[in-house]
Amino acid sequence: MAPHRAGGAERPDAPAWILAGRAFLRGRLQPVEIAIGEDGRIQSIGRSRTGAPRHDVGEAVILPAATDVHVHFREPGPDPRTENLATGTLQAAYGGVGLVGEMPNTEPPVTDVPRLEAKAARVRGRAAVDVLLYASPSDPTARGRLAERAGGFKVYLSPTTGIPSVPDPTELPGLLRELAGLDLPVAVHAEDPAEFTVPEHLVGPREWDLARPPSAEAAALERLASAPAGLRLHVAHVTTAAGADRLRRAGVSFEATPHHLLLSERTGTDARFKVNPPLRSEQERAALWSRFCDGTVPLLASDHAPHSASAKDGEFARAPSGMPGVETMLPLLLARVRAGDLPLPTLLAAACDRPARWLGQAHGRIAPGHRANLLVVDFRARTPVAAARLHAPCGWTAFEGWEAIFPREHYRDGRAIVRHGEFEGRLEGEVVRPEFARRPEARPPRSAE
Ligand code: NCD
Ligand code: ZN
């Protein structure tokens, strides 16, 4: 290889700059120099003798940016002050999440191409990070065209915020077969409403767990067991160790959320702790956490679902389900790594590598050719989570006071979007689709029909 000349920016293959620090590579944390090209991709990893500018972060650790496959940014929606695509992606940037999978249960829901395109137009020029848009396959006549434009499909097996009706049990196998043919990622909210009960006194998370019990998850997973092999299936927010073990055995992708991993029905009593599926018993939470630490749970996702503080301040029975989480997801778990509870490579696989792969994206690992979507983390910088310091307009978090480690720097395509813990103000996040997704077909000329 020819030696690099100093100041070789005119050479097309010369790196634009070098990020030096420590990274977890080949099984251990070691000093690295990451050469980043003008195109925002990682060129090489290792010692580089180049005159390109160097940014040395010393003892801090360089990580791939995370991907959160499950967020609700509520746009379009009735209350853009509680959340919107700009505020949601900004929280993602601060939380070290470089790509979000945005769910279709907006108002109106994303059920056809015009709504999908209207939502995509709202991302442009306002998003701090990249956004993949899921569509709902509820309109049979729109599915085929949606498959050429959307980033994925989301199927709800039970009613939840903004989704009052769900596929009939007899329709589900046919729907899954059709979706398998469309070849996009398909995320499923797996609770079977046939198992739901209406408790007499719905006063807190304990009763919510009884109302939507673990057996609802088990029954929904049973319904999914006949999904065709070609379906790119992913089960959202699994809450039980039995569910995790079952899906692992079946080789199906699934996620666990920070709230189901860290909080139980005993953590809090008010409606901030009301979420679908519900928080479970402390014993179940601990069992799920052990499945996360041993790598049985393949993905981490936040299910960021903010509701206004006033909606959550009210009576538990009437309050909406869901809690914010995109900004705190990675920081909470980085603190568990620092505490020695969770291996760093297990977290990186679940938060960065596997979710990016599932959505067909070239990032999530520190590897040549991947986008330089990177974080710099100082593991000594532990801080308690405080709603007042987060960037969520809803103004509350269920993790108040929990220890967290927020990334100090966040790069998108090799350009800083967060530095010294502050957002730098470029709103260049784009709508992305899986690399394997089919492209819009040129319509055949009429004479050919
Ligand atoms: C979500 C929401 O509010 O959009 N709520 C929730 O409790 N998780 C919807 C959902 O994912 O069920
Ligand atoms: Zn959700």
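My entries follow, grouped by topic.

**Before starting**

I kept in mind that this is a predicted model.

**Aromatic pairs**

I started with the rings, and the structure holds three aromatic pairs. I wrote up two of them here.

I looked at Trp17 and Tyr411 to begin with: their ring centres are 5.2 Å apart and their planes stand at 45°, a tilted pair. Where do Trp17 and Tyr411 lie? I found Trp17 in strand E1 (residues 17-25) and Tyr411 in strand E16 (residues 409-412), so this pair ties together parts that are 394 residues apart in sequence. I checked the accessibility of both partners. Trp17 is buried at 15% relative accessible area, and Tyr411 is buried at 3%.

Then I turned to Phe399 and Trp402. Their ring centres are 5.9 Å apart with the planes at 85°; an angle over 60 degrees counts as edge-to-face, so that is what I called this pair.

**Charges over rings**

Next I searched for charged side chains sitting on ring faces. I noted Arg232 over the face of Phe436, 3.5 Å from the ring centre. I also noted Lys274 over the face of Trp208, and there the distance to the ring centre is 4.5 Å.

**Helix H7 against helix H9**

How do the axes of H7 and H9 meet? I found that helix H7 (residues 241-250) and helix H9 (residues 282-293) have axes that come within 8 Å and cross at roughly 30°. Angles under 35 degrees count as roughly parallel, so I put H7 down as roughly parallel to H9. From H7, the residues making the contact are Ala241, Ala244 and Asp245; from H9, they are Glu284, Ala287, Leu288 and Arg291. I sorted this contact by class and got four nonpolar, no polar and three charged residues.

I jotted a reminder beside this entry: an α-helix has 3.6 residues a turn, so residues three or four places apart point the same way.

**Helix H1 and its surroundings**

I moved on to helix H1 (residues 85-94), which is mostly covered, with eight of its ten residues buried. I listed the buried ones as Leu85, Thr87, Gly88, Thr89, Gln91, Ala92, Ala93 and Tyr94. What do these buried residues pack against? I counted off strand E6 (97-102), helix H2 (113-123), strand E7 (130-135), strand E16, strand E17 (415-419) and strand E18 (422-423). I was pleased to meet E16 again, as it is the strand that holds Tyr411.

I picked Thr67, which sits in strand E5 (residues 66-71). Its relative accessibility is 0%, so it counts as buried. Leaving out residues up to four places away in sequence, I found Thr67 touching Val97, Leu99, Leu300, Met329, Ala351, Cys352, Pro355, Ala356, Leu359 and His363.

I then picked Leu224, in helix H6 (residues 214-224). Leu224 is buried as well, at 6% relative accessibility. Which residues is it in contact with, leaving aside neighbours within four places in sequence? I found Leu157, Leu176, Val188, Ala190 and Val235. I also checked Leu224 against Leu172: the two are 52 residues apart along the chain, and their C-alpha atoms are separated by 8.6 Å.

I finished with the backbone. I found a cis peptide bond joining Glu107 and Pro108, with omega at about 0°. Pro108 is in the loop between E6 and H2, and both of those elements were on my list of what the buried residues of H1 pack against. I found another cis bond from Asn276 to Pro277, with omega near -15°. Pro277 belongs to the loop between helix H8 (258-262) and H9.

I looked for positive phi values in residues other than glycine, too. Arg26 has phi near 45°; this residue lies in the loop between E1 and strand E2 (28-36) and is exposed at 73% relative accessibility. Asp183 has phi near 65°. I placed Asp183 in the loop between helix H4 (172-182) and strand E9 (186-189), and at 28% relative accessibility I marked it as partly exposed.

Technical notes:
Residues numbered from 1 in each chain as written. Chains lettered and ligands numbered in written order. Predicted model: local features only at pLDDT ≥ 70, side-chain atom pairs only at ≥ 80, totals over all residues. Heavy atoms only, no water. Axes fitted to C-alpha atoms, helices over the stretch in contact; angles between N-to-C directions. Helix = DSSP H or I, 4+ residues; strand = E, 2+ residues; numbered from the N terminus. Parallel < 35°, antiparallel > 145°, perpendicular 65-115°, else oblique. Contact = heavy atoms within 4.5 Å. Nonpolar A, V, L, I, M, F, W, Y, C, P; charged D, E, K, R; others polar. Phe/Tyr/Trp six-rings, centres within 6.5 Å; stacked < 30°, edge-to-face > 60°. Buried < 20%, exposed > 50% of the residue type's maximum accessible area, 1.4 Å probe, protein only. Lys NZ or Arg CZ within 6 Å of the ring centre and 35° of its normal.
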